[in-house]
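Could you walk me through this structure in the viewer, one selection at a time? I would like to know what to pick next and what is there.

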Amino acid sequence: MPRTKAFRAALLHCLADPREVGVEASYEYFEDGLLLVEDGKVARLGAADDLLSSLPAGTALVEYPDALITPGFIDTHIHYPQVGVMGSYGTQLLDWLETYTFPNEGRFADPEHAREQAKLFLEELLRNGTTTALVFGTVHKQSVDAFFEAAEKLDLRMIAGKVLMDRNAPDYLTDTPETGYADSRELIERWHGKGRLHYAVTPRFAPTSSPEQLALAGKLLGEFPDLYLHTHISENRQEVEWVRSLFPERRGYLDVYDHHGLVGARSVFAHGLHLCDDECRRLGEAGSAVAFCPTSNLFLGSGLLDLARLEAHGVRVGLGTDVGGGTSFSQLTTLSEAYKVLQLQGQKLDPFKALYLATLGGAQALYLDQHIGNLQPGKDADFVVLDYQATPLIAHRLAQATSLPERLFALMMLGDDRAVRETFAAGVSVHRR
């Protein structure tokens with residue numbers, strides 16, 4: 001018999017990008033809604049009064065007063081080995097990597113440490129309502145094994161990959177073009193497509209991979225066409241100049257990747273703060289995505305992402321926390337910072353556009369919107385229950401709200417992990433506050 005369960009609360013999900021269809025047509029909302037889940041998939045959703053009488057016999061009903069159900073959040077750029085360096089004081093990108101990140105990542109040579117950190121990382125994601133993420137491992141093969149083992153146990157839809165890094169990094173964190181290719185291929189064959197898991201070919205960034213290594217990364221993408229490419233681009237002006245000096249024969253940063261076959265659909269480039277118009281145009285033509293990581297960009301002083309320019313060129317954009325350069329696992333907190341980043345540039349982030357970036361927009365950036373991103377029937381039942389009474393301040397503020405946009409914006413500005421009452425993956429509770 002099918003396993004069915006119904007969840008009653010306010011329901012809100014995105015149907016399309018507000019930029020393309022207008023705000024009113026971009027979402028669906030039920031003040032008193034019902035979400036019916038069957039065998040890990042969304043079976044039906046609608047107004048509770050319309051659906052309660054037709055529930056299948058034996059359906060368990062869970063009610064959440066003063067709560068809002070949304071799709072699970074999607075993080076399009078995050079580093080699971082960097083949890084231990086979150087909030088480390090002081091420096092910009094390149095110094096920060098050498099001072100904090102590289103030494104911490106060296107510890108992932110120990111498989112037991114990798115397993116402990118993978119468990120902690122996933123617990124934090126789920127505590128913050130994030131059900132899918134595009135994740136950096138370390139150069140160590142065992143770091144990716146540990147992550148996928150933990151994600152598989154929870155039946156999560158996750159994407160990850162082993163870092164490729166054969167130069168300009170400590171010896172204890174480098175591979176070679178050949179070993180990087182071989183280790184990646186072994187991990188692909190073991191994990192890609194297993195359950196709800198996906199693999200991303202993951203050169204850290206152009207300065208830490210030789211042309212030979214980038215060419216072999218492109219070879220992997222050619223051999224397995226449904227893989228992801230996950231890397232960084234144009235995060236920091238000093239980094240951009242470094243790339244120019246390392247690859248003087250190339251027209252620019254993106255051209256380094258493009259020359260080696262790394263720019264295409266399912267290619268996700270984190271940050272993209274200092275791209276030129278030609279690079280934005282190329283990303284849009286290729287169907288590639290940029291991960292918008294506002295807390296990291298502000299923390300490291302890297303710059304401000306021009307969302308309007310990227311979207312004008314047709315670039316897919318998802319939201320990334322970029323832990324540990326980023327300072328929070330919470331997509332609500334990240335959206336609060338994104339709002340401020342855009343305000344500084346004279347751009348507005350409507351609350352429905354914000355929800356889109358954190359859910360359906362992220363799914364579209366990852367080419368996963370046939371599976372996740374909203375609550376349409378047939379999709380994975382990955383969703384989060386947000387508590388309108390999470391803190392005294394949130395409860396007080398929402399009591400003053402007179403409309404759905406006002407409530408949603410207040411949650412975005414004031415919410416964090418405390419606002420997440422429960423998180424579900426494939427219809428199963430994987431975090432309960």
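A residue counts as buried when its relative accessible area is under 20%. Keep that cut-off at hand as we go, and bear in mind that this is a predicted model.

**Stop 1: Ser143**

Start by selecting Ser143, which sits in helix α5, residues 141–153. Is Ser143 buried or exposed? Its relative accessibility is 0%, so Ser143 counts as buried. Now show the side chain: one of its polar atoms lies 2.7 Å from the backbone oxygen of His140. Next, display the surroundings. Leaving aside residues up to four places away in sequence, Ser143 touches Tyr80, Phe108, Ala114, Gly137 and Thr138.

**Stop 2: Thr208**

Move on to Thr208, in the loop that runs between β9 (197–203) and α7 (211–223). With a relative accessibility of 1%, Thr208 also counts as buried, because the cut-off is under 20%. Which residues does Thr208 touch, not counting those up to four places away in sequence? Select Leu164, Met165, Asp166, Arg167, Asn168 and Gln213 to see them.

**Stop 3: the sheet**

Switch to a cartoon view and colour the strands. You will find an open sheet of 7 strands with mixed pairing, in the order β3-β2-β1-β4-β14-β15-β16. At the edges stand β3 (41–47) and β16 (428–432); each has a single partner strand, so one side of each is left without a neighbour in the sheet. Ignoring direction, neighbouring strands here are turned by 35° against each other on average.

For a closer look, select β1 (residues 4–14) together with β2 (residues 27–38). These two strands run antiparallel and are joined by 10 bridges. As a landmark within the pair, pick Leu12, which stands opposite Tyr29 in β2.

**Stop 4: two helices in contact**

Finally, select α13 (residues 331–343) and α17 (residues 404–414). The helices pack at an angle of about 100°, and their axes are 6 Å apart. That angle makes α13 roughly perpendicular to α17, because the range for this label is 65 to 115 degrees.

Which residues make the contact? From α13, show Leu332, Leu335, Ser336, Tyr339 and Lys340; from α17, show Phe409, Leu411, Met412 and Met413. Colouring this set by residue type gives 7 nonpolar, 1 polar and 1 charged.

Definitions and conventions
Residues numbered from 1 in each chain as written. Predicted model: local features only at pLDDT ≥ 70, side-chain atom pairs only at ≥ 80, totals over all residues. Heavy atoms only, no water. Axes fitted to C-alpha atoms, helices over the stretch in contact; angles between N-to-C directions. Helix = DSSP H or I, 4+ residues; strand = E, 2+ residues; numbered from the N terminus. Parallel < 35°, antiparallel > 145°, perpendicular 65-115°, else oblique. Contact = heavy atoms within 4.5 Å. Nonpolar A, V, L, I, M, F, W, Y, C, P; charged D, E, K, R; others polar. Buried < 20%, exposed > 50% of the residue type's maximum accessible area, 1.4 Å probe, protein only. Polar contact = N/O pair within 3.5 Å; in protein donor to acceptor, adjacent residues only side chain to side chain. Pairing = 2+ DSSP bridges.
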